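Please look through the chain with me before you read the points below.

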Amino acid sequence: MLPKTPKPAIWKFIKGSAKTLFVLEAVCFAASYGVYYRMNTNREFRQHINENYPFVLDYYYKIGEIVGDNKARQTDANYWSSLKKSD
């Protein structure tokens, strides 16, 4: 019978790091999907993002235009301009 030798510590570190990375990636994916869903369904949230992080909203619009024939940019601009006119 062969004697058992302990596994090197590096393999334990690699396994632990891989598990941590997988969990972190899953959390980041869930968070990004949550933000995308909220941007896709809530115009007031898009306006908040436009005021604070306009580059994020620009990427959202670009993705929508690439994936499908999304007219959200024009619709939002018209809606927000009508709100400014009424104030």
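1. The chain carries 13 positive and 8 negative side chains, and the centres of these two sets lie 16 Å apart. Here Lys and Arg count as positive and Asp and Glu as negative, while His and the chain ends are not counted; each charge is placed at NZ of Lys, CZ of Arg, CG of Asp or CD of Glu.

2. This is a predicted model, in which local features need pLDDT of at least 70 and side-chain atom pairs count only at pLDDT 80 or more, whereas totals for chains, interfaces and linings use all residues. Residues are numbered from 1 along each chain as its sequence is written, and side-chain values use heavy atoms, with hydrogens and water left out.

3. Four helices and zero strands make up the secondary structure of the chain, where helices (H or I, at least four residues) and strands (E, at least two) are DSSP runs numbered from the N terminus.

4. The C-alpha atoms of the chain fill a box of roughly 85 × 25 × 20 Å along the principal axes. The radius of gyration, taken over C-alpha atoms, is 23 Å, while a compact globule of 87 residues would have one near 12 Å by the rule of 2.2 Å times the number of residues to the power 0.38.

5. D76 belongs to helix α4, which covers residues 72–86. Why does D76 count as buried? D76 counts as buried because its relative accessibility is 1%, and buried means under 20% relative accessible area (1.4 Å probe, protein chains only). Leaving aside residues up to four places away in sequence, D76 touches R43, R46 and Y61, contact meaning heavy atoms within 4.5 Å.

How values were computed: Buried means under 20% relative accessible area, exposed over 50%, partly exposed in between (1.4 Å probe, protein chains only).
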